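My notes follow in the order in which I looked things up.

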Amino acid sequence: MFVKISLSTTIKASISLSSLRNIQSYSVVMSKFDLPDRLKGNDKSVWVEYIQLALKYKPLNLGQGHPDFYAPENVTKALVDAATSDNPLLNQYTRGFGHPRLVNVIAKLYSKLLDRTLDPNNEVIVTCGAYEALYDVLQGHTNPGDEWIIIEPFFDCYVPMIRTAGGIPRYIALKPKRTNELLSSADWIFDKQELESLFNEKTKGIIINTPHNPIGKVFTLNELEFIANLAKKWNTLVVSDEVYEWLVYEPYKHIRIATLPGMYERTITIGSAGKTFSVTGWKIGWAYGPANLLYNLQVVHQNCTYTCNTPIQEAIAVGFEQELERFGQPDCYFVSLAKELQPKRDYMAKFLSDIGMIPTIPEGGYFMIATWTALKDKVRLEEETDENKDYRFTKWMTKNVGIQGIPPSAFYVSEHKHLAEDYVRYCFIKKDENLKKAADILMKWKSQQ
Ligand SMILES: Cc1ncc(COP(=O)(O)O)c(C=O)c1O
């Protein structure tokens with residue numbers, strides 16, 4: 001008996017020792033492959049999560065910002081021509097900082113718009129979407145401890161990009177002047193004193209986004225001048241995310257901060273072919289600005305993607321050349337797309353108001369935010385587990401009503417997410433028939449007991 005017990009104790013001891021060793025060595029191996037510290041906290045992405053949700057529940061998707069109609073025929077045809085061209089080099093690597101035909105026409109366009117001559121080889125860089133341009137700026141211009149001022153709500157990648165580069169985001173929120181009635185995006189403003197108080201010796205730059213996603217705000221000359229004066233006073237950069245530059249509704253006008261006195265020297269402006277030509281899947285963007293500032297972006301780009309897709313760059317170049325020929329005329333896509341979208345915007349504002357939401361009418365872009373709290377009794381938020389109510393609202397609506405929107409708190413830092421919980425963001429660059437479907441679904445849901 002004694003022997004038996006002592007034997008089994010020994011076996012037990014040896015088993016537990018070996019499994020302990022296994023667990024230890026397993027956790028040593030695993031911790032070696034943990035997410036590196038500089039990426040921690042960056043693992044949640046509203047896009048990844050909501051695309052999954054859409055795939056699973058197949059709602060009418062008013063969430064992600066892309067058209068559900070055909071891209072303009074001239075650019076898709078230009079892509080076919082490029083890919084099947086008798087010039088074999090159009091399917092091979094092209095110049096790393098931008099395909100020559102594309103940087104030439106981008107420089108030509110912005111030289112006209114900025115009324116200064118841009119050097120296509122040193123003052124323009126082509127990137128894999130505006131996303132990569134943002135990444136190149138933030139990696140290329142951030143030393144550990146540098147501060148970046150961000151205006152909330154902000155396009156969600158700014159913050160992880162700053163943090164990954166060792167920078168520190170500082171926040172200021174756009175706030176509505178009132179909340180209980182129909183609003184314009186012009187009613188969303190920042191407090192000037194608060195913005196001024198964020199600038200200091202450590203400030204590397206401020207990121208602005210005009211026209212704005214998700215509010216649709218088009219920054220006024222007065223607001224841009226205020227920002228420009230602070231940037232000059234504190235010798236900082238301005239990163240101007242202008243991916244929706246052509247989507248501005250009458251009577252508003254897009255102003256490029258780089259055109260203000262003394263601002264070209266400190267501004268990097270970012271654009272997107274995806275937004276400009278309604279081809280978001282093509283993922284080509286660009287940045288333009290003074291050569292000394294763009295040099296840092298070139299260093300990041302050449303060690304990251306190095307070069308972008310050649311036939312797509314060729315097709316976008318052709319698209320730009322054609323738009324330049326009809327620049328300022330009603331059939332120029334830069335003008336006609338906004339004209340086409342304005343009635344869609346107004347239709348969405350009406351059907352959201354009709355069901356009791358309070359929309360903010362955007363001056364630009366193709367998103368609309370609206371408060372949904374008047375409908376709270378019709379939604380069973382308790383069935384969802386997310387911390388923020390707008391996440392619960394949008395998920396419940398996707399699963400139970402068949403309409404998907406995006407929770408705007410995704411565009412706020414954790415401490416400020418509560419500011420957005422009463423809102424939902426919908427996208428209106430959709431076919432009329434799909435907007436009508438959305439209106440019908442929401443009306444039917446609203447009228448159910
Ligand atoms: C404000 C803003 N910046 C940048 C981007 C990224 O643009 P791209 O698709 O060209 O990478 C988007 C896309 O939705 C955006 O809304």
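**Entry 1: two helices side by side.** I began with α12 and α14, where Lys344, Tyr347, Met348, Phe351 and Asp354 in α12 meet Leu435, Ala439, Leu442 and Met443 in α14. I counted two residues as in contact if their C-beta atoms, placed from the backbone, lie within 7 Å. Helices (H or I, at least four residues) and strands (E, at least two) are DSSP runs, numbered from the N terminus. This contact divides into seven nonpolar, no polar and two charged residues. For these classes, Ala, Val, Leu, Ile, Met, Phe, Trp, Tyr, Cys and Pro count as nonpolar, Asp, Glu, Lys and Arg as charged, and the others, Gly among them, as polar.

I noted that this is a predicted model: local features need pLDDT of at least 70, side-chain atom pairs count only at pLDDT 80 or more, and totals for chains, interfaces and linings use all residues. Residues are numbered from 1 along each chain as its sequence is written.

Next I looked up the geometry. The axes of α12 and α14 (residues 432-447) come within 10 Å and cross at roughly 5°. α12 is therefore roughly parallel to α14. Angles under 35 degrees count as roughly parallel, over 145 as roughly antiparallel, 65 to 115 as roughly perpendicular and the rest as oblique. Axes are lines fitted to C-alpha atoms, for helices over the stretch in contact, and angles run from 0 to 180 degrees between N-to-C directions.

**Entry 2: a crossing pair.** At what angle do α5 and α10 pack? I found about 110° between α5 (residues 129-140) and α10 (residues 291-302), with the axes 8 Å apart. So α5 is roughly perpendicular to α10. From α5, the contact uses Asp136, Val137, Gln139 and Gly140; from α10, it uses Asn296, Leu297, Val299, Val300 and His301. I sorted them into four nonpolar, four polar and one charged.

**Entry 3: the ligand.** I found 14 residues around the ligand, and the closest are Gly129, Ala130, Tyr131, Phe155 and Ser272. Here a residue is near if its C-beta atom, placed from the backbone, lies within 6 Å of the molecule. Helix α5 gives the largest share of this shell, three residues. The shell holds four nonpolar, eight polar and two charged residues.

**Entry 4: two domains.** The chain splits into domain 1 (46-70 + 332-447) and domain 2 (73-325). These bounds come from an automatic or database domain assignment. The domain centres, taken over C-alpha atoms, are 25 Å apart. I noted 34 residues of domain 1 in contact with 34 residues of domain 2. On the domain 1 side, α12 (333-354), β12 (358-361) and β13 (367-371) each supply at least two residues. Which element gives the largest share of that side? It is α12, with eight residues. I sorted the side of domain 1 that touches domain 2 into 23 nonpolar, eight polar and three charged residues.

Entry 5: Most residues other than glycine have a negative phi, and most peptide bonds are trans. I looked for exceptions. Glu152 and Pro153 are joined by a cis peptide bond, with omega about -5°. Pro153 sits in the loop between β3 (147-152) and α6 (158-164). Another cis bond joins Glu250 and Pro251, with omega about 5°. Pro251 is in the loop between β9 (237-241) and β10 (267-272). Lys58 is not a glycine, yet its phi is positive, near 50°. I placed Lys58 in the loop between α2 (46-57) and β1 (60-61).
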